[in-house]
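Here's a friendly walk through one protein model, for anyone meeting it for the first time. Have the sequence and the 3D view open as you read.

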Amino acid sequence: MVSQSFIRLDTMQLAAAKQQIIEGTASPQTLEAYSKLLQQASSVLKQDNPTVMDKSIVPPSGDKHDYLSISRYWWPDPKRQDGLSWIRLDGQTNPETQTEAVDRKRLALMGRGVYVLSLAYYFTEDETYATKAISMLDTWFINPETLMNPHLKFGQSIPGHPNTRPFGILDGRSIVQFIPDALQLIATSTQWTINKQTKMTAWLSAYLAWLIESPLGIKGSQLTNNHGSWYKFQVTALAMYLGQTDLAKQTIVVTEHSLENMLTAEGGQIHELERTRSFFYSCFNLEALTSIAKIGDDVDMNMWNYKTENNKSLSLALQYLAHVVNGAEWKHDTLKTVNKTDLLPIVAAFFDTYKTEDYRTLLRSILAEVDKDSRDANSQEFWLFHPDFKI
């Protein structure tokens, strides 16, 4: 059984945005976001379909169908002639880990590309977009000659280290954030057949089984930082999409309990504050947690109001970060300038839930700082689904 509800998207927001775009009554920001969406979709139409078969480095298994990426903050050891084993420089991306030799960029391109195309199809009902989205899905998940095997055993590998790290599961976010909702959006296309849906369901079911049953997946479930939160998001989202609501509920409960050891008494995120990009990773982790809370709404679980015995909660975590929007100095390490728009999807989720003036004001403060010429994906997505919001 496959869910008929969206994972990240909101049916009412989508319908309102589509109606106002058709009528031309949406806000200028929403119309601009829609125009950008169509530009992005047109760009994806011209691209070759990504596939794991295009990498030049063969995974340890010898099977190019196995996904492979290299952890971005790891570098060759300068003290060793062969550079092995690689060492970690947190926050400093090694460009050699981001090349076409591995799959990470292709996976991100596939996930967001299918999502953009499916949204363009929903708004325009132009089958051209559905054709390309379905073709990309077929290449990555269905065609036996080009598909990715449903696991991340070799995700975020590190030269010189054994493949026993669960951190590569984070890469699966590019699948779970985008593909289930994209499948719902293209389901109305006559090109989306029962056979293709059956095969997609089988792939996602196999991936979920790997997440919860494999040794690496079990390790991932025990992580207490952003990796653990995005793991729980993937399990919760896939469980909901596949109709396994008991598993979704269980994972939401585990997520609620995780707040006790994740947050300080003031709401700071313990593991994320230790990072060199502490503000970004605090937002990144909280985005995963609020994404889980949104799924909880569909199974009558109010994670938004959940508090631990020591009053730790999602709202407390947001308060800790929101002081920056109001002009407070961020007192933790950060290699890069604090980008307040990292908070946008989080505050938008709170606003959609509570609709209070405090959250409206916070949203306005963040949106006022977005550079009109920027390609910030967070602000584009906000405006696409909030056609009535006033600055």
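Predicted model: local features only at pLDDT ≥ 70, side-chain atom pairs only at ≥ 80, totals over all residues.

Which residues in α2 meet which residues in α4? On the α2 side they are L38, A41, S42, V44 and L45, and their partners in α4 are T128, Y129, K132 and M136.

Now for how the helices lie. Helix α2 covers residues 28-45 and helix α4 covers residues 127-142; their axes come within 10 Å and cross at roughly 55 degrees. That angle makes α2 oblique to α4. The crossing itself is left-handed.

## Salt bridges across the chain

There are twelve salt bridges in the structure. One of them brings the side chains of K18 and E125 together, at 2.8 Å from N to O. This pair links distant parts of the chain: K18 belongs to helix α1 (residues 11-23), while E125 sits in the loop between α3 (104-124) and α4, 107 residues apart. K18 is buried because its relative accessible area of 15% is under the 20% cut-off. E125, with 55%, is exposed.

Another salt bridge pairs R275 with D90, and here the closest N and O atoms are 2.8 Å apart. R275 is in the loop between α11 (270-273) and α12 (278-297) and D90 is in the loop between β3 (87-88) and α3, so the pair ties together parts 185 residues apart in sequence. Both R275 and D90 are buried.

Some salt bridges join up: K55, E100, D103 and R106 are linked in a network. Within that group, take R106 and E100, whose side chains meet at 3.1 Å, N to O. How do the two sit? R106 is buried, at a relative accessible area of 7%, whereas E100 counts as partly exposed at 49%.

## A buried serine in a loop

Is S189 buried or exposed? It counts as buried, because its relative accessibility is 3%. S189 is found in the loop between α6 (179-186) and α7 (194-213). Setting aside neighbours within four places in sequence, S189 is in contact with Y121, E127, A130 and I134.

## Helix α14 and its neighbours

Next, have a look at helix α14, residues 344-354. Its buried residues include L344, I346, V347, A348, A349, F350 and F351. What do the buried residues of α14 pack against? Their partners are α12, α13 (314-322), α15 (357-367) and α16 (377-384). Just after α14 comes K355, which takes a positive phi of about 55 degrees.

L84 and S85 are joined by a cis peptide bond, with omega at about -5 degrees. S85 lies in the loop between β2 (74-75) and β3.

N311 is not a glycine either, yet has a positive phi of about 65 degrees. You'll find N311 in the loop between α12 and α13.

Conventions: Residues numbered from 1 in each chain as written. Heavy atoms only, no water. Axes fitted to C-alpha atoms, helices over the stretch in contact; angles between N-to-C directions. Helix = DSSP H or I, 4+ residues; strand = E, 2+ residues; numbered from the N terminus. Parallel < 35°, antiparallel > 145°, perpendicular 65-115°, else oblique. Left-handed = near helix turned anticlockwise from the far one by under 90°. Contact = heavy atoms within 4.5 Å. Buried < 20%, exposed > 50% of the residue type's maximum accessible area, 1.4 Å probe, protein only. Salt bridge = Lys/Arg side-chain N within 4 Å of Asp/Glu carboxyl O.
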